[in-house]
Amino acid sequence: MLVKEAKAVARRWVLEEATKLTGFGGAFYHGSTNWLPDDADLPASSDLDVMVVFTEAVPVIKLGKFVYQEVLLEVSSLPSGQLQSPDFVLGQSHLAGSFRLPGIIADPSGQLARLQVAVSRDYAKRRWVIARCEQVRDKIVRGLRVAREADPFHDQVTPWLFATGLTTHVLLVAGMENPTVRRRYLAARELLADYGRSDFYAPLLELLGCAEMSQGRAMQHLD
């Protein structure tokens, strides 16, 4: 299925289902799909992210992943108050990319359209690129501080693993590339190669503890 076909399905879900939810304030395409051309194939293993905006009075809910007309959607929600300021969005690595190009599905108040114009205009400005890098760095530091030695081992590993993986996002955000999740290390390697800094890739893997891990060992852990 092409990206534009999957987006059309997502749009139908929003118009037929999401608009009936109490406090519905709009919706937009979110995540990696925004970085793909409309005529690209959407991988069968990929979902299509949709962010539904609600009024401040409505609790934020996460509808999660579900299949709708043969498309795997992942629907999250956001209070409209977080989208009032273009400056706030421009400083958020996970939000700014969704407004760098037109990707609004529904916008009853016109708020999202005004936000998209402002964010797309300033997205590539140096001050905002740096701000987004700093925001990711702060997330890394907070994540590493969460784990406590008294916690169960798995509760120590999870925040460390999440925070360590975000080191790739600092680079991807700096390069104005998609801060993807599943392909973050591959994307960071490609970015570093483009800048002639492939030597910096091994230290990323060393932080993760897998610089010397073979493919066979990785598959064993996966199994």
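## Second largest pocket

The lining of the second largest pocket divides into 6 nonpolar residues, 1 polar residue and no charged ones, where Ala, Val, Leu, Ile, Met, Phe, Trp, Tyr, Cys and Pro count as nonpolar, Asp, Glu, Lys and Arg as charged, and the others, Gly among them, as polar. These lining residues are W160, L161, L208, C210, M213, A218 and H221, and the elements that give two or more of them are α6 (153-165) and α10 (215-222). Helices (H or I, at least four residues) are DSSP runs, as are strands (E, at least two), numbered from the N terminus.

A pocket is an open set of points on a 1 Å grid over the protein atoms alone, where a 1.4 Å probe fits, with protein on both sides within 12 Å along at least five of seven lines, and lining residues have an atom within 4 Å of a point.

## Model basis

This is a predicted model, in which local features need pLDDT of at least 70 and side-chain atom pairs count only at pLDDT 80 or more, while totals for chains, interfaces and linings use all residues. Residues are numbered from 1 along each chain as its sequence is written, and side-chain values use heavy atoms, with hydrogens and water left out.

## Largest pocket

The largest pocket is lined by 41 residues, of which S32, N178, P179, T180 and V181 lie nearest its centre. By class, this lining holds 14 nonpolar, 15 polar and 12 charged residues, and its largest share, 5 residues, comes from α8.

## Overall fold

The protein chain has 10 helices and 5 strands, and its C-alpha atoms fill a box of roughly 50 × 45 × 40 Å, taken along the principal axes.
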